[in-house]
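The following paragraphs give a guided reading of the structure displayed below. They proceed from the conventions to the chains, and then to individual residues.

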Amino acid sequence: MYNDGRLSWFLKGVLALGYLFLYVPILSLIVYSFNASKLVTVWGGFSTRWYSSLFQNDQIISAVLLSAKIALASACAAVVLGTVAGFVLARFKRFRGSTLFAGMMTAPMVMPEVITGLSMLLLFISMQQFFGVPSERGFFTIWVGHTTLCMAYVSVVVRSRLLEIDQSLEDAAMDLGARPMKIFFKITLPLVSQAIASGFLLSITLSLDDLVTTAFLSGPGSTTLPQVIFSKVRLGLNPEINALATITVLVVGTIVIVANYLMMNAQRKRDKAIAAAMRANDADSQNSAGKPAVSLA
Amino acid sequence: MDLKRLLKRVKPGRGAVISLPYVWLLVFFLVPFLIVLKISFASQDIAIPPFTHLMTFGDDGTLNIALNLANFQFILTDALYADTYLSSLRVAFVTTVLCLMIGYPIAYAIARARPDIRNGLLLAVMLPFWTSFLLRVYAWMGLLNQNGLINQFLVATGIVHEPLQLFHNDFSLYLVMLYAYLPFMILPLYSHLVKMDLRLLEAANDLGARPLKAFWKITLPLSKNGIIAGAMMVFIPAVGEFVIPELVGGSDTLMIGKVLWNEFFDNNNWPMASAVATFMVVLLIVPIALFHRFETRQLEGEKHV
């Protein structure tokens with residue numbers, strides 16, 4: 001009676017109210033982005049004028065481009081560093097300094113951003129005093145800040161996938177004489193590829209969205225999109241921001257839903273293939289002397 | 001330990017793999033905290049960068065070390081700072097409780113839904129989290145405004161005659177904090193609730209326990225780790241939150257993130273901002289350690305289930 005998946009009226013009500021709470025603000029943003037009136041909350045008829053004025057706003061366009069560049073660069077770096085870190089935490093377990101390492105890996109996810117932002121800025125200022133680099137705040141300093149934040153999230157996703165998958169595949173490869181590097185690239189990496197992909201997407205959104213750390217690390221010539229949005233909404237409601245929000249929601253929503261669909265499909269196929277290989281292996285070992293049927297190719 | 005023995009013990013390949021992310025975090029995460037600590041003992045100065053050096057060399061070859069303890073003295077004795085820290089902790093605590101009270105039933109309902117729709121339901125919770133945080137806060141500015149949608153609705157339906165003051169007060173602060181942090185609570189709760197063995201509830205039912213008692217005695221204790229992980233995931237960043245109190249909070253809302261921001265950007269007092277940050281880290285070190293412990297336990301526990 002407990003696991004038939006039918007929800008009581010109470011739980012159905014909870015879900016309905018919960019999703020209403022989550023989506024009403026977003027829907028209202030979208031509806032009022034098509035408002036002809038300059039007063040955002042007073043309906044003045046349907047119009048797309050804020051979209052055209054948005055695309056003519058050079059400040060916003062250049063901020064979008066800068067944010068996109070930083071997001072791509074930090075997501076790439078975060079995926080490399082985060083995957084290695086997730087692998088180290090999941091497979092090496094104990095080593096000299098592993099407690100400190102694990103702590104430094106989780107702390108950036110919850111640490112208030114005013115602290116991380118300030119501390120990184122002071123690091124760069126000190127580096128500049130002693131070594132002369134980085135000569136100014138801008139792309140590089142923001143990139144380092146975002147990479148450090150995003151790699152923590154990537155490592156959690158990769159690590160939990162690594163702990164989930166069957167380590168016997170890696171063990172089998174080892175028994176067959178494959179070198180560690182080969183095992184990592186031929187077996188481990190493909191098995192966690194979905195986790196890496198979702199870590200990459202997560203990093204992109206975290207970087208595109210970051211305001212506080214960026215505010216500390218950016219220089220006069222480098223204003224990212226959240227900084228432009230923040231300086232505008234501080235002054236009150238702004239119909240151009242509604243139009244920008246609508247575009248953001250549509251783009252992000254489409255990417256997340258499509259990516260989720262593709263990943264679920266790929267995951268299902270891969271799990272099925274592994275299960276089939278395992279079954280073949282079992283059948284094989286019953287027939288012959290137990291040669292593993294897992295191929296490295 | 002001498003280098004030769006160390007190198008023998010650590011296989012070079014393994015060491016290289018570990019050191020890549022390790023060195024990055026040491027340089028860009030740990031060392032910066034030490035610099036913050038150092039500068040919190042400096043004084044404000046009209047220079048670039050705007051603080052004094054702790055160590056100076058005198059003409060006669062002496063090394064002078066000047067530690068300025070005034071920043072900490074000020075934080076510890078000034079009533080406004082004490083109020084601000086207490087107020088930040090209170091806002092974070094109330095936000096955490098609200099998120100738990102609203103998030104638990106939602107996580108529970110998703111975990112008990114049909115397996116084929118669970119993923120879609122969870123995705124629907126996460127979707128707002130993927131879209132911009134800043135824009136989600138902005139959305140509430142349009143709803144809570146004096147002439148906003150909520151007031152328009154309340155006046156039009158005759159529930160109130162005058163628009164209510166919903167904006168720039170504690171109500172708007174807590175509401176938007178809840179809205180922004182809710183997904184962080186739902187996710188860890190869900191991942192614990194979905195793993196639970198439902199036969200335990202059947203057994204409790206067979207033995208005559210009422211559903212509410214079974215929930216209280218079985219489901220709630222089994223989701224304890226999820227509750228702690230989710231609570232820390234909300235509480236810790238909420239203590240230092242800056243954007244929400246700045247945009248929708250009242251002008252009298254005291255939040256430590258706002259104070260740090262103002263000291264740094266408006267007063268250009270970097271040593272004071274550093275002292276504020278140091279004090280905040282001291283307050284948060286225990287919650288962060290707790291979060292780390294339960295996060296690790298959950299990740300490593302998955303293997304044995």
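Two residues are in contact if their C-beta atoms, placed from the backbone, lie within 7 Å. Among contacts in chain B between residues at least 6 apart in sequence, 70% join residues at least 24 apart. The model is predicted, so that local features need pLDDT of at least 70 and side-chain atom pairs count only at pLDDT 80 or more, while totals for chains, interfaces and linings use all residues. Residues are numbered from 1 along each chain as its sequence is written, and chains are lettered from A and ligands numbered from 1 in the order in which they are written.

Chain B contains 14 helices and two strands; helices (H or I, at least four residues) and strands (E, at least two) are DSSP runs numbered from the N terminus. Its C-alpha trace spans about 85 × 70 × 35 Å along the principal axes. The radius of gyration of chain B is 25 Å, whereas a compact globule of 305 residues would have a value near 19 Å. This radius is taken over C-alpha atoms, and the globule rule is 2.2 Å times the number of residues to the power 0.38. Of the 305 residues of chain B, 41% count as buried. A residue is buried if 20 or more other C-beta atoms lie within 10 Å of its own, exposed if 12 or fewer, and partly exposed in between, with C-beta atoms placed from the backbone.

The two chains meet through 71 residues of chain A, which are in contact with 78 residues of chain B. Several helices of chain A each supply at least two residues to the side that touches chain B, including H1 (9–33), H3 (58–92), H5 (113–131) and H12 (239–287). H1(A) gives the most to this side, with eleven residues. By class, the side of chain A that touches chain B has 51 nonpolar, 15 polar and five charged residues. Here Ala, Val, Leu, Ile, Met, Phe, Trp, Tyr, Cys and Pro count as nonpolar, Asp, Glu, Lys and Arg as charged, and the others, Gly among them, as polar.

Chain A is divided into domain 1 (10–47) and domain 2 (59–279), with bounds that come from an automatic or database domain assignment. The C-alpha centres of domain 1 and domain 2 of chain A lie 31 Å apart. Nine residues of domain 1 of chain A are in contact with seven residues of domain 2 of chain A. On the side of domain 1 of chain A that touches domain 2, the residues divide into five nonpolar, three polar and one charged.

A nonpolar core is a set of buried Ala, Val, Leu, Ile, Met, Phe, Trp, Tyr and Cys residues joined through C-beta atoms within 7 Å. The largest such core has 154 residues, of which A:Leu118, B:Tyr181, B:Leu260 and B:Val276 touch the most other members. H3(A) gives the most to this core, with 15 residues. Because domain 1 (10–47) and domain 2 (59–279) of chain A both give residues to this core, the core lies between them.

A:Leu118 is one of the buried residues of H5(A). Not counting residues up to four places away in sequence, A:Leu118 touches A:Phe216, B:Val36, B:Leu260, B:Phe264, B:Ala273, B:Ser274 and B:Ala277. H5(A) has 19 residues and reaches 26 Å from its first C-alpha to its last, close to the 27 Å expected at 1.5 Å a residue; the expected span is 1.5 Å times one less than the number of residues. Just after H5(A), A:Gly132 takes a positive phi of about 85°.

In chain B, B:Glu263 has its place in helix H13. B:Glu263 counts as buried because 22 other C-beta atoms lie within 10 Å. Leaving aside neighbours within four places in sequence, B:Glu263 is in contact with B:Asn269, B:Met272, B:Ala273 and B:Val276. B:Met177, in helix H8 of chain B, is buried, with 25 other C-beta atoms within 10 Å. The C-alpha atoms of B:Met177 and B:Ala92 are separated by 8.7 Å, although these residues are 85 residues apart along the chain.

Most residues other than glycine have a negative phi. B:Asn268, in the loop between helix H13 (256–266) and helix H14 (270–301) of chain B, has a positive phi near 55°. With 14 C-beta neighbours inside 10 Å, B:Asn268 counts as partly exposed.
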